[in-house]
Amino acid sequence: MPMVVPPPKVAQVEAPEKPPLRLPPMLISWLQAAPLTVILGAFLALPILMIAVVSFWDYDFAQMYPDFVTFNYTETLGSWVTWKTYLNTLKYTFLVWSLTLFIGFWVAYFLAFHIRTSAMQTVLFLVCTVPFLTSNIIRMISWIPVLGRNGLVNSSLIEMGLIARPIEWLLYSDFAVVLAMVHLYTLFMVTPIFNTMMRIDRALVEAARDAGASGWQILTNVIIPLSKPGMAIGSIFVVTLVMADFSTVQVMSGGQSASVALMMKNQMSLLQYPAAAANAVVLLVLVLLMVAGILRIVDIRKEL
């Protein structure tokens with residue numbers, strides 16, 4: 001029988017694998033930032049741009065007219081009433097910022113360094129936030145029966161014989177405006193400062209104490225310098241909130257004082273939208289300059 005020789009095996013050559021598709025790193029970074037860019041552009045940059053455009057429009061008692069005029073800024077920057085209003089707003093901002101910084105620092109210091117257990121720190125911090133579970137308007141109006149002519153403070157002082165007649169400047173005055181704003185915005189200073197103090201390494205405090213530093217030296221040379229990022233963040237919160245507040249000024253001053261935000265509110269109620277937009281642009285630039293000044297003094301990137 002003839003011998004059957006099998007055919008030789010043909011070696012199969014495998015096709016080389018295609019390398020995975022790799023995008024350039026720059027394109028990947030742009031794609032990652034695209035969603036946030038779209039959101040910020042649609043809800044922040046675009047409205048600000050529209051306000052800036054409207055600030056150059058003309059208007060009358062009935063409607064606005066697309067145009068490019070500059071008298072809105074001329075009236076805003078050329079009126080002594082407007083300058084007085086801006087100075088009054090800056091006065092409120094400085095007073096409220098100073099008081100909230102002082103109160104917020106010591107409240108945060110007490111919670112961070114004098115309360116030993118984390119559970120009690122959390123409980124006491126939540127106690128500080130309880131008033132903020134109600135509306136700002138309610139918390140603001142609650143000062144009226146306390147500071148009024150026949151309110152709790154005047155009645156108590158008269159009954160104790162400390163005063164003969166009620167103190168008039170407790171309510172519907174700059175004092176009432178500043179007091180209400182401090183009550184409303186102190187927590188915005190406490191929270192970032194407390195968060196910063198909780199990150200301070202306690203070994204630094206112990207090392208300073210072992211080196212012979214007094215309590216005041218530890219506070220001024222260790223705790224305050226390391227708490228500056230939190231104080232800067234709280235300052236930005238308070239400054240921006242006070243500059244934009246109009247309801248507190250209107251109610252607590254009894255209409256006897258004014259702020260830039262209240263002036264813009266009155267202009268919008270009179271359908272003077274371009275004039276209000278011009279004031280909004282000027283106020284925005286002023287706030288940005290103040291925030292830039294804070295950021296030049298303190299680097300908050302360590303906190304973020």
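**Contacts, salt bridges and surface of a predicted helical model**

Ile300 touches Pro229, Ala232, Ile233 and Leu295, where residues up to four places away in sequence are not counted and where contact means heavy atoms within 4.5 Å. The structure is a predicted model, in which local features need pLDDT of at least 70 and side-chain atom pairs count only at pLDDT 80 or more, whereas totals for chains, interfaces and linings use all residues. Residues are numbered from 1 along each chain as its sequence is written, and side-chain values use heavy atoms, with hydrogens and water left out.

Ile300 is placed in the segment after helix 14; helices (H or I, at least four residues) and strands (E, at least two) are DSSP runs, numbered from the N terminus. Ile300 counts as buried because its relative accessibility is 14%, given that buried means under 20% relative accessible area, exposed over 50%, and partly exposed in between, with a 1.4 Å probe and protein chains only. Although Ile300 and Ala232 are 68 residues apart along the chain, their C-alpha atoms are separated by 7.0 Å.

Thr76, which belongs to helix 2 (residues 71–77), is likewise a buried residue, because its relative accessibility is 5%. A polar atom of the Thr76 side chain lies 2.7 Å from the backbone oxygen of Asn72. Beyond residues up to four places away in sequence, Thr76 touches Thr82, Tyr86, Ala275, Ala278, Asn279 and Val282.

Helix 13 (residues 260–269) contains the buried residues Val260, Ala261, Leu262, Met263, Met264 and Gln267. The cover over the buried residues of helix 13 includes helix 3 (80–113), helix 11 (215–243), helix 12 (247–252) and helix 14. After helix 13 comes Leu271, which has a positive phi, near 65 degrees.

Salt bridges were examined next. Side chains of opposite charge can pair when their charged atoms come close. With a salt bridge defined as a side-chain nitrogen of Lys or Arg within 4 Å of a carboxyl oxygen of Asp or Glu, a search of the whole structure finds three. In one of them, Lys91 pairs with Asp174, and the closest N and O atoms are 2.8 Å apart. Because Lys91 lies in helix 3 and Asp174 in helix 8 (residues 174–185), this pair ties together parts that are 83 residues apart in sequence. Lys91 has a relative accessible area of 33% and is therefore partly exposed, and Asp174, with a relative accessible area of 31%, is partly exposed.

Another salt bridge joins Arg149 to Glu168, with the closest N and O atoms 1.9 Å apart. Arg149 is found in the loop between helix 6 (144–147) and helix 7 (152–159), and Glu168 in the loop between helix 7 and helix 8, so the pair ties together parts that are 19 residues apart in sequence. Arg149 counts as partly exposed because its relative accessibility is 47%. Glu206 and Arg209 also form a salt bridge, the closest N and O atoms being 3.2 Å apart; both residues lie in helix 10 (residues 202–210), three residues apart, which is about one turn of the helix. Glu206 is partly exposed at a relative accessible area of 41%, and Arg209 is partly exposed at 43%.

On the surface, a nonpolar patch is formed by Leu36, Ile39, Leu40, Phe43, Leu44, Ile48, Leu284 and Leu288, which together have about 780 Å² of accessible area. Patches are made of residues with over 30% relative accessible area and no salt bridge, like charges being joined within 9 Å and nonpolar side chains (Val, Leu, Ile, Met, Phe, Trp, Tyr) within 5 Å; accessible areas come from the Shrake-Rupley method with a 1.4 Å probe, and for residues only the protein chains shown count as cover. Helix 1 (25–54) and helix 14 (273–297) each supply at least two residues of this patch, and the largest share, six residues, comes from helix 1. Leu284 is located in helix 14 and counts as partly exposed because its relative accessibility is 34%.

In the UniProt record, an unreviewed entry, "domain: ABC transmembrane type-1" is listed for residues 86–294; UniProt positions are given in the numbering used here, feature names are shortened, and annotations may be inferred rather than shown by experiment. Residues 86–294 are 76% helix and 0% strand, with the end C-alpha atoms 20 Å apart. The UniProt annotation "transmembrane region", also from an unreviewed entry, covers residues 36–57, 92–111, 123–144, 169–194 and 273–298. Of these spans, residues 123–144 are 64% helix and 0% strand, with end C-alpha atoms 30 Å apart, while residues 169–194 are 77% helix and 0% strand, with end C-alpha atoms 34 Å apart.

Conventions:
Polar contact = N/O pair within 3.5 Å; in protein donor to acceptor, adjacent residues only side chain to side chain.
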